[in-house]
Amino acid sequence: MDFDAVVIGAGPAGSAFAKRAAKGGMRVAVIDKKKDLGSPVRCGEGIGGHWFEPLGIKIEPGVGYAIEGAAVYAPDGRELIVKTAETTGFVVERKIFDKQLAIAAARAGAKFYPKTMAQGLAKEDGKTVGVKAFRDGECFELRAPLVVSAEGMEAKIAREAGFKCQALLYDVDTCYEYEMANVEGCRRLIELYFGNKIAPRGYVWVFPKGDDVANVGIGVGGSMGANPKRLLDEFIAANPRFKRAEPVEVKGGVISVGAPVDSFVKDGFIVVGTAAHQVDPIHGGGIALAIEAGDLAAQAALDAFQKQDYSAAVLRRYEDEWRAAEGAKLSKRLKLRKVIEQLNDDDFNHIFKEIGDSDMLKVLDSDFKPVVAKILLKRPSLLKILKALV
Amino acid sequence: MTVKVDNSKCIGCAGCVSVCPVLALTLVENKISCDEKCINCGACVKVCPARALRL
């Protein structure tokens, strides 16, 4: 065997796995089909501040813009400002951030293969023995007893291995985004605009990356039939603060806002990060979740490496630990998403009028009961929708 | 049967790849290609944020 593990995808999940596994003594290869890691950017680039300490994330000057809270807007324009550990954080430059994670993994001893396509699983007597790779016109095999899919939403090799990573239209948001200069009125707040006309089953965001630079994006429900680019262009045209704004980058993508895939491990195979749909169903964020899962998966892989037993029974530790911690939290957020998507703009406006900052904190902590009670007091007709939360 | 890609619109996000039920789509160096496994289901067309695909 050439390696102890082959990782497909050098995003946050793949590099986090590689760093921890290589530090623990495993020989790790990371392949990525792109020639420039971290590009093209497919997201809003925000990371919540509550992650930095537990995950040891450090944002160097020039890599991110510090955020102090969130401003959330109802369809009628009413603003709620929320400041919690979760709503502080950074909007990062993914192209630098991802590369720094790869550099950290390389320093720990992982071997990197950029511009190298994973074409499929390498098999011997029907058993997976690694990954078939293609680079510079040549096919070759990277052999290892463990394959790690950190492929992001594409997850083609994971699907080839039998994992149910196909995304369904109902459980994705489809997103379009400009990074813009000359944006007026940026505060150190991420801004989220809700409303079924503005962004059907989604939201428009303004994530500042500087005093007058911001990611201005939109996500809409994949089954809503809405054209995200058109809606975003309309939002920008209708708001005078973007009058002088100039796009300096176009980004976008499709992100899971559904449940995590039903299994993360098989014999000799692990799926981590967005490939496993380990994404927050409310805001579609997954950078920190990916780093955490990559690290957790590597701890299970090191256990397997010590025992020289890469069976699902040994690797399952990663899946069990993840589901007990993040899985439990995200399932509450999924419930909340499915409630929010039933609300019309009038309901939204009413709810924003009734609740305050402290209620928003409770909702973010999945402590729904007191907030639901407060809303129902004034609008009992929402019971049939909101009862799913209590 | 394959879907048609307008690369002047495509932003290379591979969102289409993630919803394709038959793994017919592939992204290489920010370009999407579609092979003969395609069943013309249209999921990719609906999900594409740049509206770059058509049947």
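**Figure 1. Burial of helix 8 in chain A of the predicted model.** The buried residues of this helix are A:Asp345, A:Asp347, A:Phe348, A:Asn349, A:His350, A:Ile351, A:Phe352 and A:Glu354. Helix 8 spans residues 345-354 and is mostly covered, 8 of its 10 residues being buried. The cover over these buried residues includes three strands of chain A, namely strand 5 (69-73), strand 6 (79-82) and strand 14 (189-194). Helix 7 (312-340), helix 9 (357-364) and helix 10 (369-378) of chain A are also among the covering elements.

Figure 2. With residues up to four places away in sequence left out, A:Asp357 touches A:Leu80 and A:Ile81. A:Leu80 stands 277 residues from A:Asp357 in sequence, yet the C-alpha atoms of the two are 6.5 Å apart in space. Helix 9 itself contributes to the cover of the buried residues of helix 8.

**Figure 3. The loop between helix 9 and helix 10 of chain A, with A:Ser366.** A:Ser366 is a residue other than glycine with a positive phi, near 60 degrees. Its relative accessibility is 17%, so A:Ser366 counts as buried.

**Figure 4. The loop between strand 14 and strand 15 (203-208) of chain A, with A:Arg201.** Although A:Arg201 is not a glycine, its phi is positive, at about 50 degrees. A:Arg201 counts as buried because its relative accessibility is 10%. Strand 14, at one end of this loop, is also included in the cover of the buried residues of helix 8.

**Figure 5. A cis peptide bond at A:Pro40 in chain A.** The bond from A:Ser39 to A:Pro40 is cis, and its omega is near -10 degrees. A:Pro40 belongs to the loop that joins strand 2 (28-31) and strand 3 (46-48).

**Figure 6. A:Gly14 in helix 1 of chain A.** The relative accessible area of A:Gly14 is 0%, and this glycine is therefore buried. Beyond residues up to four places away in sequence, A:Gly14 touches A:Val7, A:Gly9 and A:Ala150. The C-alpha atom of A:Gly14 is separated by 8.5 Å from that of A:Ala102, a residue 88 positions away along the chain.

**Figure 7. The second largest pocket and its lining.** The space in this pocket amounts to about 570 Å³. It is lined by 19 residues, of which A:Lys19, A:Gly56, A:Ile57, A:Leu101 and A:Ala104 are the closest to its centre. Four helices of chain A, helix 1 (12-23), helix 2 (52-55), helix 3 (94-107) and helix 6 (287-307), each supply at least two lining residues. Helix 3 gives the most, with 6 residues. By class, the lining comprises 9 nonpolar, 3 polar and 7 charged residues.

**Figure 8. Overall form of chain A.** Chain A contains 11 helices and 19 strands. Its radius of gyration, 21 Å, is close to the 21 Å that the globule rule gives for 390 residues, so chain A is as compact as a globular protein of that length. Along the principal axes, its C-alpha atoms fill a box of roughly 65 × 45 × 40 Å. Of the 390 residues, 58% are buried. Among contacts with a separation of 6 or more, 71% join residues 24 or more positions apart. The accessible surface comes to about 16,200 Å², with 53% belonging to carbon and sulfur atoms.

**Figure 9. Overall form of chain B.** The secondary structure of chain B consists of 2 helices and 4 strands, which run β-α-β-β-α-β from the N terminus on. The radius of gyration is 10 Å, close to the 10 Å that the globule rule gives for 55 residues, so chain B is as compact as a globular protein of that length. The C-alpha trace of chain B spans about 25 × 20 × 15 Å along its principal axes. Buried residues account for 51% of the 55 residues. Of the contacts in chain B with a separation of 6 or more, 51% are between residues 24 or more positions apart. Chain B has an accessible surface of about 2,500 Å², and carbon and sulfur atoms hold 55% of this area.

Technical notes: Residues are numbered from 1 along each chain as its sequence is written. Chains are lettered from A and ligands numbered from 1 in the order in which they are written. This is a predicted model: local features need pLDDT of at least 70, side-chain atom pairs count only at pLDDT 80 or more; totals for chains, interfaces and linings use all residues. Side-chain values use heavy atoms; hydrogens and water are left out. On a 1 Å grid over the protein atoms alone, a cavity is a set of points where a 1.4 Å probe fits but cannot get out, and a pocket is an open set with protein on both sides within 12 Å along at least five of seven lines; lining residues have an atom within 4 Å of a point. Grid points are joined across faces, edges and corners, and a volume is the space filled by probe spheres set on the points. Ala, Val, Leu, Ile, Met, Phe, Trp, Tyr, Cys and Pro count as nonpolar, Asp, Glu, Lys and Arg as charged, and the others, Gly among them, as polar. The radius of gyration is taken over C-alpha atoms; the globule rule is 2.2 Å times the number of residues to the power 0.38. Buried means under 20% relative accessible area, exposed over 50%, partly exposed in between (1.4 Å probe, protein chains only). Contact means heavy atoms within 4.5 Å. Accessible areas come from the Shrake-Rupley method with a 1.4 Å probe; for residues, only the protein chains shown count as cover.
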